[in-house]
Amino acid sequence: MTKEEDFVVNEPYKPTKMEQSAIRVLKRKGLVAEDWNSGKKYIQSFKKNLRHDMYNKQNKRCAFCRIHVPLACVPMHREHIVYKDEHPQWMFLPENLCVACPCCNEYKGTTEVLVNPKIKTYPKVGSGFKIIHPLYDKYSDHIELVGGILYRGKTTKGVFTINTCHLYRVGLAEERVDQMMFKENKGNIIAELVRLTALPEQYVDEKDEFLQYVTDIVSKYKQEQTEK
């Protein structure tokens, strides 16, 4: 796992004074889930600036799978770590907001991630969350990348994050291989892929699809070597 992947965000987004004022207006009447989609100028400004700020602080990577996501091609989702509909009081709390890729965001959905769902004060440490929190948790303390490709939980929190965001999906393995191919020796990566096919099925959601992917990439590599 690279340093770029193993980030901990040092500080959350800091709203401007006008953004803070707009949020206070909404809070005074009592926040509801629909307020997130308010058309007010400075609420929209808050959401736009937060995504830009956290995208850069997260090294342009998803908070949960840590894959690099090019913003020009795939818009990162603003992610409420604690689900906003169940806990609207933290809807605009910067500590509760990060960015995530569309897949991780969709799989996480409405899952409850608080250790104590009835808590009244937002936790300030990672132990308050069942999922990896990008501001409080070091990723490598909870998840390791087997061969730099497949995700394995090292702790209960790591396993929860993998299962909640479906980090065992084959598409993630393929994306990691594609990114590695630009930086490392292809032969070594191919050998590692073949080794990974012997791992138990829980490491990928579609084992047959993963095996076919490895077969195809090995065949392509052999063809490339023959043509040299």
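Modeller: Two residues are in contact when heavy atoms of theirs lie within 4.5 Å. Helices (H or I, at least four residues) and strands (E, at least two) are DSSP runs, numbered from the N terminus. This is a predicted model, in which local features need pLDDT of at least 70 and side-chain atom pairs pLDDT 80 or more, while totals for chains, interfaces and linings use all residues. Residues are numbered from 1 along each chain as its sequence is written, and side-chain values use heavy atoms, with hydrogens and water left out.

Colleague: What is the pattern of the protein chain, read along the sequence?

Modeller: The order is α-α-β-β-α-β-β-α-α-α-α, which comprises seven helices and four strands. The C-alpha trace spans about 70 × 35 × 25 Å along its principal axes.

Colleague: What makes α4 largely enclosed by the rest of the structure?

Modeller: A residue is buried at under 20% relative accessible area, exposed at over 50% and partly exposed in between (1.4 Å probe, protein chains only). Seven of the ten residues of α4 are buried, so this helix is described as largely enclosed by the rest of the structure. The buried residues are K157, G158, F160, T161, I162, T164 and C165. They pack against α3 (102-108), β3 (143-146) and β4 (150-153). In the protein chain, buried residues make up 46% of the 228 residues.

Colleague: Why are α1 and α2 called oblique to each other?

Modeller: Helix α1 (residues 17-29) packs with α2 at an angle of about 120 degrees, their axes being 8 Å apart. Axes are lines fitted to C-alpha atoms, for helices over the stretch in contact, and angles run from 0 to 180 degrees between N-to-C directions. Angles under 35 degrees count as roughly parallel, over 145 as roughly antiparallel, 65 to 115 as roughly perpendicular and the rest as oblique. The two helices are therefore oblique. Their contact is made by M18, E19, A22, I23 and L26 of α1 together with Y42, I43, S45, F46 and N49 of α2.

Colleague: Which classes of residue does the contact of α1 with α2 have?

Modeller: There are seven nonpolar, two polar and one charged residues. Ala, Val, Leu, Ile, Met, Phe, Trp, Tyr, Cys and Pro count as nonpolar, Asp, Glu, Lys and Arg as charged, and the others, Gly among them, as polar.

Colleague: How many bridges join strand β1 to β2?

Modeller: Four bridges join β1 (residues 77-80) to β2, and the strands run antiparallel. Two strands pair if DSSP finds at least two bridges between them, so β1 and β2 qualify as paired. In β2, C98 is the bridge partner of E79. From β2 (residues 97-100), L97 and V99 point one way and C98 and A100 the other way, and all are buried.
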